[in-house]
Amino acid sequence: GGGRIFGAGTVGSGARSQLGFEGASNPSADRDKFSFGMNPTSGWKTVKTEAFFRDFSSWQNFIVAVDCTQSTSSDRVKIYHNGVEQALSGTYPDNEDQPINSAVGHAIGRYNAESADYFNGLLSNFYFIDGQQLSPSDFGFTDLQTNTWKPKKYEGTFGTNGFWLPLDSEDDFEKDKSGNGNDFTKNNF
């Protein structure tokens, strides 16, 4: 069923951002592509991977690096899968404020602020880094013996609104472990 991994924004016609999979709401083949989209004030701008992601049996790592102030449009959004930068197509966002990291609702595992497109999968080690566009090597490495991508703990700064949710405990998985205290609220657990 796919679904959104992270979303921010308001209900209806307000500014919204999302990342993840199109899911059941999009009947086209693009629902198996990973995407980042935002609708700040001038209509939706969405980029999607050229690759399809249909392997549901293995651990996978996605990194989305967004900096809308970059002068080259293709530098504004970068999506990495298991450490490899993905080819993207679509419309890149312009240099305009977006809902992510602003004073609107943020949600993990669904499209915010509407209760729709819930993510159908497992999540762990959810990092949000405020004010930096980082590379995959900050979060993982290639194991040379197995030639597979492995996660590692992020050791850098998180910025004011940054957070880290290990998502490894049912008791307090909504608690920010970055030291910033940017906790989430559990819903429907």
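Reader: What makes Phe36 a contact of valine 66?

Author: Contact means heavy atoms within 4.5 Å. Leaving aside neighbours within four places in sequence, valine 66 is in contact with Phe36, Arg76, Val77, Gln98 and Gln133. This is a predicted model, where local features need pLDDT of at least 70, side-chain atom pairs count only at pLDDT 80 or more, and totals for chains, interfaces and linings use all residues. Residues are numbered from 1 along each chain as its sequence is written, and side-chain values use heavy atoms, with hydrogens and water left out.

Reader: Why is valine 66 called partly exposed?

Author: Buried means under 20% relative accessible area, exposed means over 50%, and partly exposed is in between (1.4 Å probe, protein chains only). Valine 66 has 25% relative accessibility, so it counts as partly exposed.

Reader: Which strand holds alanine 65?

Author: Alanine 65 is in strand 5, and valine 66 lies in strand 5 too, which covers residues 62–66. Strands (E, at least two residues) are DSSP runs, numbered from the N terminus.

Reader: How do you know that strand 6 and strand 7 pair?

Author: Two strands pair if DSSP finds at least two bridges between them. Strand 6 (residues 77–81) and strand 7 have 2 bridges, in the antiparallel sense. Histidine 81 stands opposite valine 84 in strand 7. The open sheet has 3 strands in the order 5-6-7, with antiparallel pairing.

Reader: What makes strand 5 an edge strand?

Author: Strand 5 pairs on one side only, and so does strand 7 (84–85).

Reader: What is meant by the largest nonpolar core?

Author: A nonpolar core is a set of buried Ala, Val, Leu, Ile, Met, Phe, Trp, Tyr and Cys residues joined through side-chain atoms within 4.5 Å. The largest has 21 residues, and those with the most contacts inside it are Phe6, Phe34, Phe36, Val77 and Phe163. Elements giving two or more residues to this core include strand 1 (4–9), strand 3 (34–39) and strand 6. A second, separate core of 10 residues includes Tyr127, Leu134, Phe158 and Trp164.

Key. Helices (H or I, at least four residues) and strands (E, at least two) are DSSP runs, numbered from the N terminus.
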